[in-house]
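Thanks for asking me to take a look at this one. Here are my notes, in the order I would go through them with the model open beside you.

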Amino acid sequence: MALPLPPGLTPSEVAFLCEMELVTVIPRQRLEGLELLGGPTPALQPPHRTTLPLWLALLLKRQRRANISPPPWLLPTSLTAILEFETEHSKDAFSPPPPLPPTSSTTAPVSPPFLPSSTASAPADALPYHWLEMGNLLLEVAPDDFEEPDQVRRLLRDLREVRMAKVRKGVEVLDAGGGVKMNGVGGMEVAEGRAFIGGVIDGLRRIGASREQARKESEAEERENGYAGNASDDDDDMDL
């Protein structure tokens with residue numbers, strides 16, 4: 001018998017969704033465009049840069065047909081500045097995500113993975129929704145495309161620890177009917193913290209329910225004692 005699946009997405013599923021994000025590649029050989037379900041991809045013509053989904057860019061990188069240009073926010077200088085902002089200037093809140101592109105009445109609003117938040121033109125001072133899994137995937141498959149991959153790994157690890165500490169700190173002020181403000185939290189952070197936060201909230205709800213049940217029982221006992229007292233007083237009046 002199969003066990004029930006946990007609520008929400010698992011980390012592997014979040015990483016799979018991250019592969020739909022767009023990245024900038026530098027082709028090393030010509031390649032015609034492909035007709036995909038999501039639409040055609042541009043033709044690759046070295047040395048012109050182009051934008052491709054991450055899953056296709058990783059495939060071409062493994063085949064040594066293209067190099068991947070790390071997004072500006074994944075550079076050591078940018079990660080250092082973001083880490084400083086998280087630790088010194090914003091001890092309770094998270095760094096703001098990249099701004100959404102402007103929309104009009106004729107265009108529908110977009111969200112990840114349909115934002116150019118990991119391309120070469122992405123802002124350098126904001127972490128996108130899939131920042132953690134994007135960095136880990138690029139460092140795993142294309143470490144030679146980074147100038148200082150070891151430093152990037154260290155900064156990503158430090159940034160992850162700082163942000164997860166903020167998530168745990170936010171849980172400390174919860175009550176049975178409260179919630180956690182998670183503006184700016186990434187997809188992998190939500191997946192990793194879901195079980196912990198859900199367990200805390202479930203425990204608080206059980207404590208609140210037990211307190212409510214104890215209060216009701218106490219009120220019922222007080223009412224019973226009050227009725228008994230009134231009955232004894234009536235008997236005394238009748239004897240008089």
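Which elements do the buried residues of α2 pack against?

1. Please keep in mind that this is a predicted model. In it, the buried residues of α2 pack against α1 (11-18), β1 (22-27), β4 (50-53), β5 (66-69) and α4 (131-141). The residues of α2 (54-62) that are buried are Leu54, Leu56, Ala57, Leu58, Leu60 and Lys61.

2. Arginine 64 is not a glycine, yet its phi is positive, about 60°. Its relative accessible area is 66%, so arginine 64 counts as exposed.

3. Have a look, too, at the loop between β3 (39-40) and β4, where proline 47 is found. The peptide bond from proline 46 to proline 47 is cis, with omega near 0°.

4. The model has seven salt bridges. One of them pairs arginine 163 with glutamate 86, with the closest N and O atoms 2.7 Å apart. Since arginine 163 lies in helix α5 (residues 149-171) and glutamate 86 in helix α3 (residues 76-89), this pair ties together parts 77 residues apart in sequence. Both arginine 163 and glutamate 86 are buried.

5. Glutamate 86 also meets lysine 166 in a salt bridge, at 2.6 Å from N to O. Here again helix α3 is linked to helix α5, with the two residues 80 apart. Glutamate 86 and lysine 166 are both buried.

6. Arginine 153 is partly exposed, at 34% relative accessible area, while aspartate 150 is exposed, at 58%.

Notes
Residues numbered from 1 in each chain as written. Predicted model: local features only at pLDDT ≥ 70, side-chain atom pairs only at ≥ 80, totals over all residues. Heavy atoms only, no water. Buried < 20%, exposed > 50% of the residue type's maximum accessible area, 1.4 Å probe, protein only. Helix = DSSP H or I, 4+ residues; strand = E, 2+ residues; numbered from the N terminus. Contact = heavy atoms within 4.5 Å. Salt bridge = Lys/Arg side-chain N within 4 Å of Asp/Glu carboxyl O.
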